[in-house]
Amino acid sequence: MLATVTLNPAFDHLLLIPDINLGTFNRAKTTARMPGGKGINVASSLAILGNEVVATGLLGGQGCPVFEGALRKIGVTTNFIYVDQEIRTDFFIMEEGKRRQTLIVEKGNPIGLRYLNSFKANFERLLSSIDLVEIGGSLPSGVAPNFIKELVAAANKKNIDVVLNLPEDILQECAQGTKQFIVCPDLRENKNMFGKDIYDAAARLEIIKELRKKETEIIILKFGNLNYLVASKDEIWEGEIELSDYTVMIGVRDAFLAGFIHKYKEKESIGEALKYGLGAGRSAALNNRNHPKSKSEVEEFYLMAKARKVG
Amino acid sequence: MKKVKDFITRDLTSVTEDTPLKDVAELLSLRGVNGIPVVNMKNEVTGWISERDLITSIFPEKFQAENPDLIGFINLSKVVKKLTQVGEAMVKDHMIRTFHPVKEETLASDVADIMLQKNLKRIPVLRHKRLVGVVDRASLAHILLEEGSLD
């Protein structure tokens with residue numbers, strides 16, 4: 001069984017609008033509201049791919065039954081700690097006319113210590129029945145990166161594979177002195193790691209070199225909207241999600257990660273796992289949801305995906 | 001005939017034997033459910049605690065008396081003292097250790113038998129002693145009626 005941790009989940013609210021007119025009335029042509037957050041997206045995608053997966057984290061307020069119900073409907077087992085505040089909403093505004101996407105993210109309120117303690121105790125119990133845990137997303141206000149590091153250390157203690165899908169600063173702190181199966185830094189805001197530009201090919205190799213010094217089996221870097229680079233201790237592979245039309249890019253990276261985990265856990269090579277991830281990402285991008293449409297579509301796109309060894 | 005796996009609620013919300021009763025009361029209220037599994041450190045189910053167990057722990061006389069209506073709570077301070085004691089008590093002091101779990105392969109009709117015979121509203125679903133979800137009367141009724149409508 002697999003598990004994903006999302007301490008700062010949110011509803012992803014998608015608004016498709018021909019063109020936004022700022023400062024006046026706008027009506028969305030299409031809307032969709034779905035459970036979101038990095039770990040949630042990975043859990044949804046893993047479930048679509050047929051894995052038994054538990055989504056855990058902190059959740060609260062009137063939206064909980066809707067949030068959890070939507071996850072269970074696609075096959076995710078829920079195991080959240082309830083907190084005394086509402087679930088955040090992240091707004092994805094897509095202007096079709098301008099082919100432009102805008103993301104507005106709500107900041108959460110501070111989380112009480114008693115809820116964090118409950119979560120940690122629950123997480124430690126969950127470790128007895130899983131073999132991989134993915135920890136993803138931002139942290140709620142007032143939660144220090146060291147809290148995640150404690151979760152990673154607890155998983156390491158039980159020899160459970162850890163996947164870190166975190167913003168660069170949190171990831172750097174958590175990776176110190178712990179062991180990770182996969183690291184997938186979220187560089188959307190910083191666009192660089194260790195001070196090196198993710199869009200520069202030579203700099204990407206430097207980032208990999210730095211990350212290889214840590215106890216990490218696989219490194220995944222995303223650059224641009226569609227490009228992925230995957231590195232093990234011995235190889236580096238690169239690939240691109242093939243999209244002909246302009247699409248909504250919610251959760252595409254998380255779907256990619258889920259696809260990669262799914263295939264790599266089947267003992268496939270990193271090249272094949274990369275292609276499967278590209279298939280999952282493409283399916284999610286065309287789905288207008290934060291997860292792939294179906295396993296069969298992912299398999300179809302996987303067979304069409306192209307990856308090349310670059311090192 | 002449908003099986004538990006067709007209408008299970010795959011949720012692992014649970015408490016441990018060391019959880020204070022006041023936290024259980026808060027959880028039941030937030031979740032809008034009437035009972036919850038009790039697990040150990042390996043997520044194995046060791047019992048069940050329900051709203052009835054909580055209320056019984058507050059007003060045991062009401063449940064033991066032949067005619068509970070005759071018992072009043074004249075001494076308010078006694079009741080407040082009792083509530084404080086119960087709030088600080090642990091799940092292990094009031095949980096039910098004889099529970100009636102089912103498996104994912106159990107038939108819906110067998111679940112209905114257990115629920116009616118034992119007067120249960122929610123039942124834990126186990127796999128190798130570990131919690132994988134719960135089934136409740138509403139989902140059972142829904143799946144049975146849905147199946148009936150297909151005939």
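Accessible area here comes from the Shrake-Rupley method with a 1.4 Å probe. On that basis, the accessible surface of chain B comes to about 8,800 Å². Carbon and sulfur atoms hold 55% of that surface. The model is predicted.

**Chain B**

- Chain B has seven helices and five strands.
- Along the sequence, the pattern of chain B reads α-β-α-β-β-α-α-α-α-β-β-α.
- Of the 151 residues in chain B, 41% are buried.
- Among contacts in chain B with a separation of 6 or more, 59% join residues 24 or more positions apart.

**Area and residues of the interface**

- Chain A brings 16 residues to the contact, and chain B brings 18 residues.
- About 1,500 Å² is buried between chain A and chain B, with 45% from carbon and sulfur atoms.
- Three residues, Tyr82(A), Arg125(A) and Ser128(A), supply 39% of the area that chain A buries against chain B.

- Five salt bridges are counted between chain A and chain B.
- In one salt bridge, the side chain of Arg114(A) meets that of Glu26(B), at 2.6 Å from N to O.
- Helix H2 (64-73), strand S5 (76-83) and helix H3 (113-126) of chain A each give at least two residues to the side that touches chain B.
- S5(A) gives the most to that side, with six residues.
- By class, the chain A side has six nonpolar, five polar and five charged residues.

Conventions
Residues numbered from 1 in each chain as written. Chains lettered and ligands numbered in written order. Predicted model: local features only at pLDDT ≥ 70, side-chain atom pairs only at ≥ 80, totals over all residues. Heavy atoms only, no water. Contact = heavy atoms within 4.5 Å. Buried area = accessible area lost by both parts, 1.4 Å probe. Salt bridge = Lys/Arg side-chain N within 4 Å of Asp/Glu carboxyl O. Helix = DSSP H or I, 4+ residues; strand = E, 2+ residues; numbered from the N terminus. Nonpolar A, V, L, I, M, F, W, Y, C, P; charged D, E, K, R; others polar. Buried < 20%, exposed > 50% of the residue type's maximum accessible area, 1.4 Å probe, protein only.
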